Amino acid sequence: MMTPDALEVQSPCIKECVIDQYSGFCRGCWRTLDEISFWESYAPEHRRRVLHRLQERRNAEN
């Protein structure tokens, strides 16, 4: 069950779900399949760490 605190950290999904075969990242949100699959079970702090990694991935790509 989701806690109110978990709801504060929203999914980065933008409904453009395509996994890049080379990087393994979703081209829409930059998460891995594991990060997408387990997002709902992550604690808020874990979600924040994932969001930070997503930003690093985007920056590395540009």
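Student: How many aromatic pairs does the structure hold?
Tutor: First, a word on the model: it is predicted, so local features need pLDDT of at least 70 and side-chain atom pairs count only at pLDDT 80 or more, while totals for chains, interfaces and linings use all residues. Residues are numbered from 1 along each chain as its sequence is written, and side-chain values use heavy atoms, leaving out hydrogens and water. Rings of Phe, Tyr and Trp (its six-membered ring) pair if their centres lie within 6.5 Å; planes under 30 degrees apart are stacked, over 60 edge-to-face, and the rest tilted. The number of aromatic pairs in the structure is two.

Student: Is the pair of Phe25 and Trp30 tilted, stacked or edge-to-face?
Tutor: The ring centres of Phe25 and Trp30 are 6.4 Å apart. Their planes stand at 45 degrees, so the pair is tilted.

Student: And how many degrees lie between the planes of Trp39 and Tyr42?
Tutor: Trp39 and Tyr42 also form an aromatic pair, 6.2 Å centre to centre. This pair is edge-to-face, and the angle between its planes is 65 degrees.

Student: Is Trp39 buried or exposed?
Tutor: Buried means under 20% relative accessible area, exposed over 50%, and partly exposed in between (1.4 Å probe, protein chains only). Trp39 has a relative accessible area of 2%, so Trp39 is buried.

Student: Which residue lies over the face of Trp39?
Tutor: A charge sits over a ring if NZ of Lys or CZ of Arg is within 6 Å of the ring centre and within 35 degrees of the ring normal. At 5.2 Å from the ring centre of Trp39, the residue over its face is Arg31.

Student: Where is Ile19 found?
Tutor: Helices are DSSP runs (H or I, at least four residues), as are strands (E, at least two), numbered from the N terminus. Ile19 has 34% relative accessibility, so it counts as partly exposed. Its place is the loop between α1 (4–7) and α2 (33–38).

Student: What is the phi of Lys15?
Tutor: Lys15 lies in the loop between α1 and α2, and at 71% relative accessibility it counts as exposed. Its phi is positive in a residue other than glycine, with a value near 65 degrees.
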